[in-house]
Amino acid sequence: MTQRLTYRRRHSYATKSNKVRVVKTPGGKLVYQYVKKIAAGPKCGDCGKSLQGIPHLRPKQYMSISKRQKTVSRAYGGSRCSNCVKSRIIRAFLIEEQKIVKKVLKSQAKKAAPAPAAK
């Protein structure tokens with residue numbers, strides 16, 4: 001016959017926040033041991049991949065660690081992954097280059113075709 005177990009806290013429903021496992025004590029009794037939730041860790045805001053160099057903790061535990069452990073020393077460190085930052089930099093550079101090319105083509109078109117209104 002198995003031993004009946006009761007929750008040790010007042011929360012009596014089998015929800016995500018009330019997960020338990022059965023553990024045998026040194027005295028031979030079976031008791032419930034509460035299991036903490038697994039931390040998912042920070043993800044990249046663009047592609048959704050897990051960020052490297054940042055520990056996977058529950059939200060409250062990030063308050064107790066230093067800023068150095070929560071970020072990566074790079075632009076968008078701790079928010080975006082390296083590949084997404086790289087693509088953002090390249091995109092910004094190409095957009096600026098495109099603006100310059102447009103400006104040059106516009107000035108060349110002005111020089112090449114002057115208005116024939118001199119009479």
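# Briefing on side-chain contacts and salt bridges

At 41% relative accessibility, aspartate 46 is classed as partly exposed. In this predicted model, aspartate 46 pairs with arginine 80 and also with arginine 88. Salt bridges with shared partners connect Asp46, Arg80 and Arg88 in one network. The model holds 3 salt bridges in total.

**Salt bridges**

- Side chains of opposite charge can pair when their charged atoms come close.
- In the salt bridge between arginine 80 and aspartate 46, the closest N and O atoms are 3.1 Å apart. This pair links distant parts of the chain, with arginine 80 in the loop between H1 and H2 and aspartate 46 in the loop between E2 and H1, 34 residues apart.
- Arginine 88 also forms a salt bridge with aspartate 46, the closest N and O atoms again lying 3.1 Å apart. Because arginine 88 belongs to helix H2 and aspartate 46 to the loop between E2 and H1, the pair ties together parts that are 42 residues apart in sequence.
- Arginine 88 is partly exposed, at a relative accessible area of 24%.
- Lysine 99 and glutamate 96 meet through their side chains in a salt bridge of 3.5 Å, N to O. The two residues are 3 residues apart in helix H2, so about one helical turn separates them. Glutamate 96 has a relative accessible area of 41% and is therefore partly exposed.

**Surroundings of arginine 80**

- Arginine 80 counts as buried because its relative accessible area is 19%, and buried means under 20%.
- The side chain of arginine 80 makes a polar contact of 2.9 Å with the side chain of serine 79.
- Leaving aside neighbours within four places in sequence, arginine 80 is in contact with Cys44, Gly45, Asp46, Leu51, Arg74, Val85 and Arg88.

**Nonpolar core and surface patch**

- In soluble globular proteins, nonpolar side chains tend to be buried together.
- The largest nonpolar core has 7 residues in all: Cys44, Leu51, Ile54, Tyr62, Ile65, Cys81 and Cys84.
- Cysteine 44, a member of this core, is in contact with Lys49, Leu51, Ser79, Arg80, Cys81 and Cys84 when neighbours within four places in sequence are left aside.
- On the surface, Ile90, Phe93 and Leu94 form a nonpolar patch with about 310 Å² of accessible area together.
- Isoleucine 90 lies in helix H2, which covers residues 82–112, and is partly exposed at a relative accessible area of 43%.

**Histidine 56**

- Histidine 56 is located in the loop between strand E2 (30–34) and helix H1 (67–70), and counts as partly exposed at 40% relative accessibility.
- The side chain of histidine 56 reaches the backbone oxygen of alanine 40 at 3.0 Å and makes a polar contact of 3.3 Å with the side chain of serine 50.
- Not counting residues up to four places away in sequence, histidine 56 touches Ala39, Ala40, Gly41, Ser50 and Tyr62. Among these, Tyr62 belongs to the largest nonpolar core.
- Histidine 56 and glutamine 108 are 52 residues apart in sequence and 56 Å apart in space, C-alpha to C-alpha.

**Asparagine 18**

- Asparagine 18 sits in the segment before strand E1 (20–24) and is buried, with a relative accessible area of 3%.
- A polar atom of the asparagine 18 side chain lies 2.9 Å from the backbone oxygen of tyrosine 13.
- Not counting residues up to four places away in sequence, asparagine 18 touches Tyr7, His11, Ser12, Tyr13 and Tyr34.

Note on methods. Residues numbered from 1 in each chain as written. Predicted model: local features only at pLDDT ≥ 70, side-chain atom pairs only at ≥ 80, totals over all residues. Heavy atoms only, no water. Helix = DSSP H or I, 4+ residues; strand = E, 2+ residues; numbered from the N terminus. Buried < 20%, exposed > 50% of the residue type's maximum accessible area, 1.4 Å probe, protein only. Contact = heavy atoms within 4.5 Å. Polar contact = N/O pair within 3.5 Å; in protein donor to acceptor, adjacent residues only side chain to side chain. Core = buried A, V, L, I, M, F, W, Y, C linked by side-chain atoms within 4.5 Å. Patch = residues over 30% accessible without salt bridge, like charges linked within 9 Å, V, L, I, M, F, W, Y side chains within 5 Å. Areas by Shrake-Rupley, 256 points an atom, 1.4 Å probe, with all protein chains shown as cover. Salt bridge = Lys/Arg side-chain N within 4 Å of Asp/Glu carboxyl O.
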